[in-house]
Each structure stands twice: as C-alpha cells, then as structure tokens.
Amino acid sequence: MEENKMKWRTKLTASLFFSTTVSLYMTYAALQHNPMGEYCTYVSDPSSSADCTMNAGPLMGVFISWLVVSFLISLIGLTIFSWIKLRFRK
C-alpha cells in the first residue's frame, strides 16, 4: 500500500513540474507575442511598448488555464503509461 502511495506522489510531482514548466513558457510566449497590448496597462501611448506596465489578471488566466490542462493531460498520460507497463510486465 505504501508503495502505491509513493507511485501516485511521484506521478503528481512529475505532472505538477511538467505543467508548471509548460504554463510558464506559454505565459512568457503570450507576453512576448502581445501585438494588441492585452497584457499591458499603458501609461501613455499604446503604440510604444516602453511604457508597458504588466496587467497580472489576464496573464494569470493564461498561466492557470495552461496549468490545469497540461496537469490533467500529463497525469492521465503517466497513469496510462504506468498501467501499460504494469500490464505487460507480468
């Protein structure tokens, strides 16, 4: 029973690490490819990106949405992979 808990803890940790990495990268990509200025609150002129102040609300929306989706996909994938590995080991 303890070994089974350890396997789930490992799967959850790996999924969380993977999904955090993917989410951070996608948030960075969204910030870099921001032609409409959606993630910036402009102080003066919207055409100049020098006065961009970060708008955390939409960025957190991007981060959390990618975190949830990639966490679920990676956890399901690891579970299926371990089930197949266990099934064909016998």
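A residue is called buried under 20% relative accessible area, exposed over 50%, and partly exposed in between (1.4 Å probe, protein chains only). By this definition, buried residues make up 19% of the 90 residues in the protein. The model is predicted: local features need pLDDT of at least 70, side-chain atom pairs count only at pLDDT 80 or more, and totals for chains, interfaces and linings use all residues. Residues are numbered from 1 along each chain as its sequence is written, and side-chain values use heavy atoms, with hydrogens and water left out.

The protein has 2 helices and 2 strands. Their order from the N terminus is α-β-β-α. Helices (H or I, at least four residues) and strands (E, at least two) are DSSP runs, numbered from the N terminus. Helix H1 covers 2–32 and helix H2 covers 56–89.

Two residue pairs were examined by C-alpha separation. Threonine 20 belongs to helix H1. Its relative accessibility is 27%, so threonine 20 counts as partly exposed. Leucine 78 is placed in helix H2. Leucine 78 counts as partly exposed because its relative accessibility is 30%. Between the C-alpha atoms of leucine 78 and serine 15, 63 residues apart along the chain, the separation is 8.1 Å.

A nonpolar surface patch has an area of about 940 Å². Its members are Met60, Ile64, Val68, Leu72, Ile76, Ile80, Trp83, Ile84 and Phe88. Patches are made of residues with over 30% relative accessible area and no salt bridge; like charges are joined within 9 Å, and nonpolar side chains (Val, Leu, Ile, Met, Phe, Trp, Tyr) within 5 Å. A salt bridge is a side-chain nitrogen of Lys or Arg within 4 Å of a carboxyl oxygen of Asp or Glu. Isoleucine 64 lies in helix H2. With a relative accessible area of 45%, isoleucine 64 is partly exposed.

The largest pocket holds about 330 Å³ of space. On a 1 Å grid over the protein atoms alone, a pocket is an open set of points where a 1.4 Å probe fits, with protein on both sides within 12 Å along at least five of seven lines; lining residues have an atom within 4 Å of a point. Helices H1 and H2 each supply at least two lining residues. H2 gives the largest share, 7 residues. Among the lining residues are Trp8, Lys11, Phe81, Trp83 and Arg89. By class, the lining has 4 nonpolar, 4 polar and 4 charged residues.

Methods. Grid points are joined across faces, edges and corners, and a volume is the space filled by probe spheres set on the points. Ala, Val, Leu, Ile, Met, Phe, Trp, Tyr, Cys and Pro count as nonpolar, Asp, Glu, Lys and Arg as charged, and the others, Gly among them, as polar. Accessible areas come from the Shrake-Rupley method with a 1.4 Å probe; for residues, only the protein chains shown count as cover.
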